[in-house]
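Let's take a walk through a protein together, one kind of contact at a time. Have the sequence and the 3D view ready as you read.

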Amino acid sequence: MESATSSKRQRVVQRAARDTVDEEEEEMFDERSVNKDLDIDSKIAALKVSLSVVCLLSRTGGKNLCRCSGTVVECERKQESGGGGGGGEFVATILTSANLLRFPAYSRYTFLAPDITVEVYLSKGKPLKGQVLGYDFHYNLAIIQITTDYPLPTAILTDIDVSMPLTPTPLLTDSKPFGLRPHTVDSSLFKLRGGDKVIALARTHNCHCLLVESGMLSIYKSSWLHCQELLYTSCKTTQVYIGGPLINCDGEVIGIVFHYDGYAAFLPINIASRCLQLLKRDRGVCHPWLGMTLTNSYVAKASVLEEIIQKFPHISNGIIVKDVMKGSPAAHAGIISKDIIVECDGEVVRCSLEFCRMVWNRASQSVEVVVMRPSSSKPVKLTMVADELKPASYNCWPVPADKEYAAVIWMSIDLAVQRTTTWLDA
């Protein structure tokens, strides 16, 4: 039995090492067969942002750690101390995934890999050395900085609005139902609905080729990924798409791509861009924690929506509380499962993404909410004091290792098992 187990471990190690070549062949397959079948509208949209899409390769201990994609979001001329003339240098900021920087694992306890080096591959030319400016393991984001001798095109980031009213918006009168205040829709937001076309982009490091995959937004798809703010698409992707941009048909970046079960999930750019600014300023992000699981009302089952509309016919917006953690700020405030949060600090709550924005900087501060409760005919006002999210409670993210690094990990595990077996036998 021991011999069979050792033989099996050796086969796994050998297969992990061989998969390095298989990964290159997979990328070439994507380039040849996927891109050529794209419709012309997807190609035009991709070309609007393509020069801002890069590939990133990280190494630790001389071994490849992770390959992913990223987006150039800022580029400015480098300040010269001498004040001389000439073209000068430019500093570009890249938004990508924190998978680039951490040990391959699926755990809340995430560790930064030691002695990390990062190479950045543009659409052409030699790879550039990347500098890590900051990272956030909760939302799995990182920002990398590179220096070039020419300005790089930067992508346009556009916040999205995924809210959908359950009923026609009531006319605004002097006597508003439940005392809700009118909500003014921000015209700068990109309205995104289930079934709308979206496009995922990536770049390979071996030949700098652009990968493009189109699909549709799926508001009903779910997964075991812990991040509640993720949205899902039908874009068929591979691991190289992780950290790359998800764009709309206008070529605007509306999200950061993550890979799930062969398809692209994405973090809305509303959240990613706020993390970007905090990472640049503070090199880290402080997250509030309320201790409840939320869902958009339009994702609920038809039977649940029918019950809500019958009980509260004037409700057109709101988010449903699915679960409340025992001992959490939400529990202490009196929030219970099936509550419908319709207002936060005087603002109408239309979707969970909007609620996230409202409580973004409220760690250690009070948050006033208005909820509609099935057991009550009147709105209930509650006050929560948000805690600061601890690293042990960060979102869990599966971190796919580069095949070369995976082989090293399996060899280390194999050696550790052998040592443990020897110690037990002794």
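A salt bridge here is a side-chain nitrogen of Lys or Arg lying within 4 Å of a carboxyl oxygen of Asp or Glu. Keep in mind as you look that this is a predicted model. Side chains of opposite charge can pair when their charged atoms come close. Lys78 and Glu89 give us an example: their side chains meet in a salt bridge, with N and O 3.5 Å apart. Both Lys78 and Glu89 sit in the loop between strand 2 (63–77) and strand 3 (90–97), and eleven residues separate the two. How accessible are these partners? Lys78 has 38% relative accessibility and so counts as partly exposed, and Glu89, at 38%, is partly exposed as well.

By this rule, the structure has eleven salt bridges. Another of them joins Lys197 to Asp39, whose closest N and O atoms are 2.6 Å apart. Because Lys197 belongs to strand 9 (residues 197–203) while Asp39 lies in the loop between helix 1 (2–34) and helix 2 (40–49), this pair ties together parts that are 158 residues apart in sequence. Lys197 is partly exposed, with a relative accessible area of 26%, and Asp39 is partly exposed too, at 30%.

Now find Lys191 and Asp161, which also form a salt bridge, at 2.6 Å from N to O. Lys191 is in strand 8 (residues 190–191) and Asp161 in strand 7 (residues 160–161), so their pairing ties together parts 30 residues apart in sequence. Is each partner buried or exposed, or something in between? Lys191 is partly exposed, with a relative accessible area of 37%, whereas Asp161 counts as buried because its relative accessibility is 2%, under the 20% cut-off. The two are also part of a network of salt bridges that links Asp161, Lys191, Arg350 and Glu354.

A pair of aromatic rings is described by the distance of the centres and the angle of the planes. How many such pairs does a search of the whole structure find? There are three aromatic pairs. In one of them, the ring centres of Tyr135 and Phe137 are 4.9 Å apart and the planes stand at 35 degrees, so this pair is tilted. Tyr135 is partly exposed at 31%, while Phe137, at 10%, is buried. In another pair, Tyr139 and Trp360 have ring centres 6.2 Å apart and planes at 10 degrees, so the pair is stacked. Tyr139 lies in the loop between strand 5 and strand 6 (141–148), and Trp360 in the loop between helix 6 (352–358) and strand 20 (366–372), so the pair ties together parts 221 residues apart in sequence. Both of these residues are buried.

Tyr139 leads us inside. The largest nonpolar core has 83 residues, and those that touch the most other members are Leu56, Val120, Tyr139, Leu201, Leu230 and Leu267. Helix 3 (residues 269–282) supplies the largest share of this core, with seven residues. A second, separate core has 20 residues, including Ala333, Ile341, Val367 and Val371.

Finally, come back out to the surface. Leu112, Val132 and Tyr135 form a nonpolar patch there, with about 210 Å² of accessible area together. Val132 is found in strand 5 (residues 128–136) and, at 31% relative accessibility, counts as partly exposed.

Note on methods
Residues numbered from 1 in each chain as written. Predicted model: local features only at pLDDT ≥ 70, side-chain atom pairs only at ≥ 80, totals over all residues. Heavy atoms only, no water. Core = buried A, V, L, I, M, F, W, Y, C linked by side-chain atoms within 4.5 Å. Buried < 20%, exposed > 50% of the residue type's maximum accessible area, 1.4 Å probe, protein only. Helix = DSSP H or I, 4+ residues; strand = E, 2+ residues; numbered from the N terminus. Patch = residues over 30% accessible without salt bridge, like charges linked within 9 Å, V, L, I, M, F, W, Y side chains within 5 Å. Areas by Shrake-Rupley, 256 points an atom, 1.4 Å probe, with all protein chains shown as cover. Phe/Tyr/Trp six-rings, centres within 6.5 Å; stacked < 30°, edge-to-face > 60°.
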